[in-house]
Amino acid sequence: MKINNKIAKKRKEDFPIFRHNLGLVYLDNAATSQRPASVINAVKDFSEKDNANVGRGVYSLAERAMKKYNQARIIVADFIKAEPEEIIFTRNATESLNLLAYTLPSILPRNKNEILITEMEHHSNLVPWQQLAKRNNMKLKFVKITKDFMLDMNDFNSKLSDKTAIVSVAQVSNVLGTINDVKLITKLAKQKGAITIIDAAQSIQHLNINVKELECDFLAFSGHKVLGPSGIGVLFGRKELLEKLPPFNFGGGMISKITKENSEWANPPEKFEAGTQNIAEAIGLAESLSYLKKISLENIKEWENYLLKYALKRLKEVPDIKIYNPGEEKSVSLVSFNLLGIHPHDIAGLLNEKRIAIRAGHCCAMPLMEILKAKGGVCRASFSFYNTLEDIDILVDALKEIQKKFA
Amino acid sequence: MEQGIPETLYSKHILELYKNPSNFGMLKNPTHSRTEYNSICGDEITVQLEVKNGIAKDVKFSGSGCVLSLVSASLLTSKIKGMKTEAIKKMNKDDIKELFKTKINNSRIKCVLLPLEAVKKALK
């Protein structure tokens, strides 16, 4: 069913947080999304009825737990059109990317020593590569952004070369909302023989993702940004690459054979899942993806784009506002902005007094803030399909009021 | 009231002090000076002191930041003017909180402590 303002309002009823915090205007969905009751219950149900360690016990309870855990992996795989054995459960996108930064060097060709990322990366897709470059004497390059907040593809082409070992790019910027053409980026990077990685932390909740169509080598995302629990994340990796990669963590559950001297690794994904995993949270994540699928990402995309269009129109009414967004269709439903002469933390502090939750500050993208010349950071309002036009009206009215206070 | 919604941090008095700060500017003959940054929020506060016979005869500050860090600088510089430097060095978080007379959330405590940090480092 298509989403309109009435249905969005109705959808809020699926989320207990709004019942417990009456009047909450939650516009920080890019930081973490709220959880529907079905997700909360899936985690609770598993803990109450099916909890056992997985891959170890032979008793019925353990088999049931294993079955649910495997089922969760199948649901996640299906959501991004991957194979179940290509899905590794991690803690979050950050851990997924760190896993790659630590294990990839052993399979990189010697003549390749450059890593290419962009100026709009979140710290989670920047610091691991910066540190890898330091450890292994590699060169980290940044693709520039244009004045209209898009990725500069001319700059990308000029920085991509035969020396490029890794290309790792956010599908969606957590500050600008910009949707990058990761399909094209992957295609160009592959022509140069680079490993291709997509940071999908900000896209998984907004866009249909098909890893077979994107043809990327790896893709990472977090559960808590896609209506799921925190503490669970995903790394997708192409099967043949996961087979070549060495393990990241060592311990129980990831070996096939072990003696005092040596170990042989289990097949992927177990090879990368040492120790007991966040089983209940994996099951919660699967439920959140099933919930999203029921609403359909197509419907979500349509409504969220309408919200973005409305938000941009209304925010432009506010005097002395600087908006950092490429515009509808080019962005997911989030808008970063600044009010001239007022610190973002003060804006967020004053909005909080009206029960409006937004993000303010550097948004874990400090190099980008420097490029945007936003010394104190930005304010970011990020929407989900359960947000309504009234949420945006409340925000805009409050911003106008704040400006009056400071005048 | 729901949990977590504070009474206003931005009272008329605070906003007035933000718009018309006390002791804002530069000293002609500072004996001590220090600039401190809070890189997380881009705040930058410079404090200058003119110390004579162990007493802060004059104090001024300059810089940019959020309401809380700048108001804290106004309140602090007014408070320490005429105080013994030894007493200033002993000031802590609670003294700053007291100057504000409203509850400061944990998330903003760094903002209000920045000027004190600059003063203490200047006197070191």
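1. Across all chains of this predicted model, the count of aromatic pairs comes to 14. One of them joins A:Phe250 and A:Trp265, whose ring centres are 5.4 Å apart and whose planes meet at 50°, so the pair is classed as tilted. This pair links distant parts of the chain, since A:Phe250 sits in the loop between helix H10 (239–244) and strand S9 (255–258) of chain A, while A:Trp265 belongs to strand S10 (residues 263–265) of chain A, 15 residues apart. As for accessibility, A:Phe250 is exposed, with a relative accessible area of 57%, whereas A:Trp265 counts as partly exposed at 35%.

2. A second pair brings together A:Tyr291 and A:Phe385, with ring centres 6.3 Å apart and planes at 40°, so this pair too is tilted. Because A:Tyr291 lies in helix H11 (residues 279–295) of chain A and A:Phe385 in the loop between strand S15 (378–382) and helix H15 (389–406) of chain A, the pair ties together parts that are 94 residues apart in sequence. Here A:Tyr291 is buried, at a relative accessible area of 8%, and A:Phe385 is buried as well, at 1%.

3. The rings of A:Tyr291 and A:Phe385 also belong to a cluster, in which ring pairs connect them with A:Phe15, A:Phe18 and A:Tyr386. Over the face of A:Phe18, a member of that cluster, lies A:Lys12, at 5.3 Å from the ring centre. Elsewhere, A:Arg135 lies over the face of A:Tyr102, at 4.2 Å from the ring centre.

4. Turning to the sheet, seven strands of chain A form an open arrangement in the order S2-S8-S7-S6-S5-S3-S4, with mixed pairing. Strand S2 (87–90) and strand S4 (139–143) of chain A stand at the edges with a single partner strand each, so one side of each has no neighbour in the sheet. From one strand to the next, the twist averages 20°.

5. Within this sheet, strand S7 (residues 218–222) and strand S8 (residues 233–237) of chain A run antiparallel and are joined by five bridges; A:Leu219 has A:Phe236 in S8(A) as its bridge partner. Helix H4 (residues 60–79) of chain A packs on the sheet, where the helix touches S2, S7 and S8 of chain A, and its direction makes about 115° with that of S2(A).

6. On confidence, the predictor gives the complex an ipTM of 0.89 and a pTM of 0.94. Chain B averages a pLDDT of 92, and 95% of its residues score at least 70.

Terms used. Residues numbered from 1 in each chain as written. Chains lettered and ligands numbered in written order. Predicted model: local features only at pLDDT ≥ 70, side-chain atom pairs only at ≥ 80, totals over all residues. Heavy atoms only, no water. pLDDT = per-residue confidence, 0-100. Phe/Tyr/Trp six-rings, centres within 6.5 Å; stacked < 30°, edge-to-face > 60°. Helix = DSSP H or I, 4+ residues; strand = E, 2+ residues; numbered from the N terminus. Buried < 20%, exposed > 50% of the residue type's maximum accessible area, 1.4 Å probe, protein only. Lys NZ or Arg CZ within 6 Å of the ring centre and 35° of its normal. Pairing = 2+ DSSP bridges. Axes fitted to C-alpha atoms, helices over the stretch in contact; angles between N-to-C directions. Contact = heavy atoms within 4.5 Å.
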